[in-house]
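Trainee: I'd like to learn how to read a structure like this one. Could you take me through it step by step?

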Amino acid sequence: MADVAFEVEANSLNELFELAGLAMMNILVEDLSEIELLTKKSISISADSIEMLLYNFLQELIFIKDTEMLVFRNFNVKVDKKDDKYHLTSEAEGEEIKPSKHKMVVDPKAVTMHKFEVKRENGKWLARVVVDV
Amino acid sequence: LGVLEAVKRISDYLWEIPINYKKGMKVPARIYANNKLFRSMDVQVFEQITNVATLPGIQKYAFCMPDAHSGYGFPIGGVAAMDFEQGVISPGGIGFDINCGMRLVLTSLTYNDVKPKLKEFVDTLFSRIPSGVGATGFVRLSRSEFEEVMKLGSRWCIEHGYGWEEDLERTEENGEMEGANPRAVSDRAAQRGLNQLGTLGSGNHYLEIQVVKKENIYDEEAAKKIGIFPEQVTIMYHTGSRGFGHQIGTDYLQIFLNVMERKYGIKILDRELACAPINSTEGQNYFSAMKCAANMSFANRQVILHRIREVMEKVFHQDAEKLGLHMIYDVAHNIAKVERYVIDGEEKTVLVHRKGATRSFGPGRKEIPLVYRELGQPVIIGGSMETGSYLLLGTKKAEIETFGSTAHGSGRTMSRAKAKKLFRGERLQRDMMQRGIYVKTVSFAGLAEEAGAAYKSIDDVVQAVELAGLSKKVVRFIPVGNIKG
């Protein structure tokens, strides 16, 4: 067992989710510019808190990687709040994993609750995530 | 009071953090380690193991093995036995990679037989056993077949031609944990696992070709009985339940967080220690799902063994029986098991959580296959890819002291990020080649993260468990070929 941690700082909630998504992709693929925008995938997530929305979103990316073998370079995220629930839609763009083309690093297998945090500070959104690999 | 001031040294190999160190501790914490290993442990390990000591129903002590390092909630190298009636089950005490484990296989070949073909051998294994990110397994399953794998584990493999009948008795639990119910597994978990049977994985998962040196046989009689001889080539591999087990861990962590305090009034000190009473609906469902993942993992190691036999028949032009490709044993080192022990003079049923810890039963115990029952249970300890690995035997002392548990590997001392900064995969591969170890990898960046220097010394870990009497050394294996995902 081992893990990879990342921290994200963003000016908006949408950007926070997009950067966290890219950080997750960067655990998998060494050079993100190698991912071509050949496929689109619509992702839709809901949760009771922003924290769980991010947790579920990153977990969904792992799920898509394992079941459809897709990695992404653009996420186009929109987060909004309705009736006390947070909703996310993402029009993700990327392609299927090709080990001959993409330099793969390591396989993220679970987002953990270990030191997991999302907060707003001085007008910025911050997140800390530890991923089990 | 800082934790290091609170620790008492009990003996050369044992340390104790008393029950009054932290509010809510129900038992003291005990750390098995020599001075060097103890000093190198991160302080987080002690905080985590004392958090474990607060869990409802914990018996005697919360234990750390000599290879302990901090994990999520529980330390890796942690052992906790819970009262089966009053205690809790915690996914964090088992690990996300449910039934991650080791399998060790004999051959009748010597290093001289293999050396001229080593490159071909490693390359063929590499091409035939999918590894790395995004690899799909060589066993194609329908959803209903996958559910059969969850229920039957290795038995499913044998029934479908992936192995020999004798492989079953040489696997912990005979490769089939009873009570696995696929209905306790989420649809997402099943979808993630469906195409992963017959994959090695990535990260610290590997398959290694090893050699026995005469000077590395410590117990000649036991080695002989097990079928080990000088210059022999052996095969060891390390893998688990892949995304399937991880999804089950993730699912139930959330389920437990939702009910733990509200429904069962249990307060914990770390979200990753989420738990539920063993006897609750949620607890029973998780245990049942955990068994599904354990069985998938046994099956994964079983179909990989079948592949190894196929590859060796092709490379060495002999059939697998003639090549002597018998398993020594298969151990689970991320798992919870129902076992019986004498506690305070009374025989009691407990649920032993072993996270990065190996079962280590002494001679005579009924769970040990007949072929080894007189010797004690084989314990397989994997080192880093550069340094070597061990076969040990379990002891009565482990049963008395640590709920039949011992170490599982070397344990990291350096973060993956730091290892990647310090080492270059391509360079490491060349250096290892010069030292006679041929490595084949999907990812050079991943390889750098697994450099030997990123791990504790396996020799120190094994010395500590032997000194403590938790297991005894039989043989040390040195690597000559390695496949990394």
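Mentor: Let's go through the rings, then the contact between the chains, then one serine.

Mentor: A word on the ground rules: this is a predicted model, where local features need pLDDT of at least 70 and side-chain atom pairs count only at pLDDT 80 or more, while totals for chains, interfaces and linings use all residues. Residues are numbered from 1 along each chain as its sequence is written, chains are lettered from A and ligands numbered from 1 in the order in which they are written, and side-chain values use heavy atoms, with hydrogens and water left out.

Trainee: What kind of pair do the rings of Phe72(A) and Phe75(A) make?

Mentor: In general, you describe two aromatic rings by the distance of their centres and the angle of their planes. Rings of Phe, Tyr and Trp (its six-membered ring) pair if the centres lie within 6.5 Å; planes under 30 degrees apart are stacked, over 60 edge-to-face, and the rest tilted. That gives 20 aromatic pairs over all chains. For Phe72(A) and Phe75(A), the centres are 5.8 Å apart and the planes sit at 65°, so this pair is edge-to-face.

Trainee: Is Phe72(A) buried or exposed?

Mentor: Buried means under 20% relative accessible area, exposed over 50%, and partly exposed in between (1.4 Å probe, protein chains only). Phe72(A) has 1%, so it counts as buried, and Phe75(A), at 3%, is buried too.

Trainee: How much area do chain A and chain B bury between them?

Mentor: The size of an interface is often given as the accessible area lost when the parts come together. Buried area here uses a 1.4 Å probe and is summed over both parts. Chain A and chain B bury about 3100 Å², 55% of it on carbon and sulfur atoms.

Trainee: How many salt bridges are found across that interface?

Mentor: A salt bridge puts a side-chain nitrogen of Lys or Arg within 4 Å of a carboxyl oxygen of Asp or Glu. Four are found between chain A and chain B. One of them joins Asp66(A) and Arg192(B), whose closest N and O atoms are 2.7 Å apart.

Trainee: Which residues touch Ser471(B), leaving aside neighbours within four places in sequence?

Mentor: Contact means heavy atoms within 4.5 Å. Among the residues touching Ser471(B) are Ser360(B), Leu392(B), Thr406(B) and Val465(B). Ser471(B) itself is buried, at 2% relative accessibility.

Notes:
Buried area is the accessible area (1.4 Å probe) that two parts lose on being put together, summed over both.
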